[in-house]
Amino acid sequence: MLKEYFASIQNTISGLQSSKDSKKASKKNQVREEFDGKKIMKLLQDIVPNEFIVSDKKPVDASGYVPKTVDYIAYYKKWTIVEEMMNGHIPSELVYATFHITKHIDKQSVSEVLSNVTLTKKLNKYAELDQDIIIPAFVIAQSSDIDVPQLKNDVLDYYVDYSVDSTFEFDIMMIIGKGIIIKDWREKRKFVALETEEDTLLWFFILMNEYLDVDVKRSLDLRHYVKETRRYREY
């Protein structure tokens, strides 16, 4: 049931369409449609828990840091006017996931994607908060010409070569219809690569929701976002 449902959705978002000449076209005759970010955003809204909103708004932390490197976020809408209050941004305490979307991953673009994740993961790093907040990062790619095991090795090589702090690494990378690479948080720098093929979206849905299945919402102290040092008359 779940398997068939997500396999159908995956075929829709993969961008693969048969050529007009034949409904039974071979894989060589298949062409990829443009990777539609809006379709991906709608898909994410459908598969995250109901209390979260998927948006292309940028998060901001208490230090004022706004990463431009994130495509979408999933946030808890604590107030209807939260976007207006924060000048179009979302306080990082309300953000529970970030998403990085790319059409194709190759040797060159993997570095760009991982760099974007690193910059996004710096949210809250320099903010003076009462709690440690690390927001999970999910990478979604339509395709890759790199085999999943080799892609995992390329990821590790990048992180080692650039001495990236392990807390700045992505949590899940999904190559639609091909496989998933998962960070193993039990060890400092370890990833697991799975060639999930037609079950890729299914397992991404399950694993992602394990990150988002939180019963206790984070506290948000709006005082941290008031930067003025003005003193008021007190009576």
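Is Glu169 buried or exposed, and what is its relative accessible area? In this predicted model, Glu169 is buried, with a relative accessible area of 0%. Here buried denotes under 20% relative accessible area, exposed over 50%, and partly exposed the range in between (1.4 Å probe, protein chains only). Because the model is predicted, local features need pLDDT of at least 70 and side-chain atom pairs count only at pLDDT 80 or more, whereas totals for chains, interfaces and linings use all residues. Residues are numbered from 1 along each chain as its sequence is written, and side-chain values use heavy atoms, with hydrogens and water left out.

Glu169 takes part in a salt bridge with Arg189, at 2.6 Å from N to O. Arg189 is situated in the loop between strand 10 (179–183) and strand 11, and Glu169 in the loop between helix 5 and strand 9 (172–175), so the pair ties together parts that are 20 residues apart in sequence. Helices (H or I, at least four residues) and strands (E, at least two) are DSSP runs, numbered from the N terminus. In contrast to the buried Glu169, Arg189 is partly exposed, its relative accessible area being 28%.

In general, side chains of opposite charge can pair when their charged atoms come close. A salt bridge is assigned where a side-chain nitrogen of Lys or Arg lies within 4 Å of a carboxyl oxygen of Asp or Glu. Under this rule, nine salt bridges are counted. One of them joins the side chains of Asp199 and Lys3, with an N to O distance of 2.7 Å. This pair links distant parts of the chain, 196 residues apart: Asp199 belongs to the loop between strand 11 (191–194) and helix 6, and Lys3 to helix 1 (residues 2–13). Asp199 is buried at 15% relative accessible area, while Lys3 is partly exposed at 40%.

A further salt bridge connects Glu187 and Lys190 (3.6 Å, N to O). Through shared partners, salt bridges join Asp184, Arg186, Glu187 and Lys190 into one network. Glu187 is partly exposed, with a relative accessible area of 44%, and Lys190 is likewise classed as partly exposed, at 32%.

Asp147 is located in the loop between strand 8 (137–144) and helix 5 (148–161), and its relative accessibility of 51% classes Asp147 as exposed.

Asn209 lies in helix 6 (residues 200–212) and counts as buried at 16% relative accessibility. Apart from residues up to four places away in sequence, Asn209 touches Ile47, Val48 and Pro49, contact being defined as heavy atoms within 4.5 Å.

Most residues other than glycine have a negative phi. Asn87, however, has a positive phi, near 55°; this residue occupies the loop between helix 3 (82–85) and strand 6 (90–91) and is exposed, with 67% relative accessible area. Asn124 also has a positive phi, near 75°.
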